[in-house]
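Open the model in your viewer and keep the selection tool at hand. We will go stop by stop.

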Amino acid sequence: MTSAPSLDVRPVLVVDFGAQYAQLIARRVREADCYSEIVPHTMPAEQMLAKDPLAIILSGGPASVYADGAPGLEEGVVTAGVPVLGICYGFQAMVRALGGTVERTGSREYGQTDVTVSGPPSTLFTGQPEQQVVWMSHGDAVTEAPDGCAVSARTPGAPVAAFEDDERRLYGVQWHPEVLHSAHGQEVLVNFLTKGAGITPSWTSENVAEGLIEQARAQIGQDRVICGLSGGVDSSVAAALVQRAVGDQLTCVFVDHGLLREGEAEQVETDFVEATGVDLVVVDARERFLSALAGVADPEEKRKIIGREFIRVFEQAARDVVRAHEPGGQEQGEAQGGADDHPVRWLVQGTLYPDVVESGGGSGAANIKSHHNVGGLPEDLQFQLVEPLRTLFKDEVRQVGLEIGVPEGIVWRQPFPGPGLGIRIIGEVTADRLEILRRADAIAREELTAAGLDREIWQCPVVLLADVRSVGVQGDGRTYGHPVVLRPVSSEDAMTADWTRLPYDVLARISSRITNEVEEVNRVTLDVTSKPPGTIEWE
């Protein structure tokens, strides 16, 4: 294999105007085998251009270009000779910067819209039909294209739905090509990248893996490092990457916080360790977490408590690692005592892009919920973080995992949240409630696996409505038990999701088994909400 490429390659910059779709655009660019980075719209043009981008894509956003305080676009971004593609709000901001006209026409277009591709031979629409369905979301419209830009698409509500200027390599579309509802959206993006910007695609899983390994090696140096290993795909791939980078400098810490599903601890100690040979320390912290969660029902507070306790456990584990691996380490650790002078500098986490975005880490993005390893971290964190997957989406993580030899059973495992079953219990978390949910969850997973549906769904959370009781009849007697909710969802990246239409016979078997085998549960319900408006997890 050739030497590992640096990740400091020339990027396609995605300028985020405050829409969560900015991350989806970046993901689509990578699907086209081009490296992408997201930058905030507040970054000065000079700094953007200092990154020497191969191209710039301007994202959509929730504002009107006419609104007070609406995000602006420096003219230098579109006059520097770098290929630019504007999308939705970015399209309109680009038009205004170039001297075109954006107006409130009174004609709005939301959702699926028919667009007519017309005009001269097109760079963006090469090989595409004249009539196509796209996904619109706009109230204002471009009524006059900037000088030198040829109109190449129209809709009833958008006289200028797309324009192109091959000489200056400036392009724009009013709709969202990054979403699956735009039938030829990916083709539009690929045409811009390869034909408009002239980029040769070279961003592959092999290059990504080798680059991330090199990056982790440079970051960690000769220091010791620990990894919070949950057994899920994210932390497992992160651990495997870091192990490739620094070898036995890494110790993985598996925290049994009592919020795990049935059989998970055993899977970590067998499948992953056998495949990688990683140094693993198992910490039994069940009582600690249950005590910290006692009496807590608020979901945000639960997440923050779990995040805090994870870090406190890792801090203690770090002291133990020093005692076990370094000459004189026991005396050193005892002398240091608390967490103020921490014996291990680095903590590896399997943080992904969607975690960062939903925790308010995107430019202008709302804090949807605090992920325990992002927004749930304590302010007095004593570690520096190693997050090799922080810029990747789930599908990229899986490909990197396969590239470096992580077992397929772990790579293709359905996602499971770091806070575990603690955020699948609506109400206070107790040992009894965890046991009820653990048994119901195991039945659902068994039946989905038996039906061959593990690859068909993204995940199927089972939620216990612990503070709700429903009347039932079992064995000719009245019961007053708990309902559980099945939440099967399909998704590509967890940013959006739809509920999975499971076969009725599979649902029937799951329901029958849960109500027969878990005596505390007398009702099984099905959540048929998409994301948005609902999140994948209930809390």
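Is Ser236 buried or exposed? Select Ser236: with a relative accessible area of 0%, this residue is buried. Buried means under 20% relative accessible area, exposed over 50%, and partly exposed in between, with a 1.4 Å probe and protein chains only.

Before moving on, note that this is a predicted model, where local features need pLDDT of at least 70, side-chain atom pairs count only at pLDDT 80 or more, and totals for chains, interfaces and linings use all residues. Residues are numbered from 1 along each chain as its sequence is written, and side-chain values use heavy atoms, with hydrogens and water left out.

**Stop 1: the listed binding site**

Stay with Ser236, which is in helix 7. Helices (H or I, at least four residues) and strands (E, at least two) are DSSP runs, numbered from the N terminus. Leaving aside neighbours within four places in sequence, Ser236 is in contact with Leu229, Gly231, Phe272, Val406 and Ile410. Contact means heavy atoms within 4.5 Å.

Now select Ser230, Gly231, Gly232, Val233, Asp234, Ser235 and Ser236; UniProt gives them as "binding site" in an unreviewed entry. UniProt positions are in the numbering used here, feature names are shortened, and annotations may be inferred rather than shown by experiment.

Pick Gly231, in the loop between strand 10 and helix 7. Gly231 is buried, at 3% relative accessible area. Apart from neighbours within four places in sequence, Gly231 is in contact with Ser236, Gln267, Val268, Ile410 and Arg413.

Next comes Ser235, found in helix 7. Ser235 is buried too, with a relative accessible area of 6%. Not counting residues up to four places away in sequence, Ser235 touches Cys227, Gly228, Leu229, Ser230 and Gly350.

**Stop 2: helix 6**

Select residues 205–220, which form helix 6. The expected span of a helix is 1.5 Å times one less than its number of residues. For the 16 residues here that gives 22 Å, and the end C-alpha atoms are 22 Å apart, which agrees.

Colour the buried residues of helix 6: Val208, Ala209, Glu210, Gly211, Leu212, Ile213, Ala216 and Ile220. What do they pack against? Their partners are strand 10 (225–228), helix 7 (233–246), strand 13 (346–348), strand 14 (384–386) and helix 13 (394–403).

**Stop 3: the listed active site**

Select Cys88, His176 and Glu178, which the unreviewed UniProt entry lists under "active site". They span 91 residues in sequence, yet no two of their C-alpha atoms are more than 10.9 Å apart, so they gather at one spot.

His176 is in the loop between strand 9 (170–173) and helix 5 (185–196). At 6% relative accessibility, His176 is buried. Beyond residues up to four places away in sequence, His176 touches Tyr21, Gly60, Ile87, Cys88, Trp135, Ser137 and Ser182.

Glu178 lies in the loop between strand 9 and helix 5. Glu178 is buried, at 1% relative accessibility. With residues up to four places away in sequence not counted, Glu178 touches Tyr21, Leu24, Ile25, Arg28, Ile87 and Leu189.

**Stop 4: His482**

Finish at His482, in strand 17 (residues 477–486). At 6% relative accessibility, His482 is buried.
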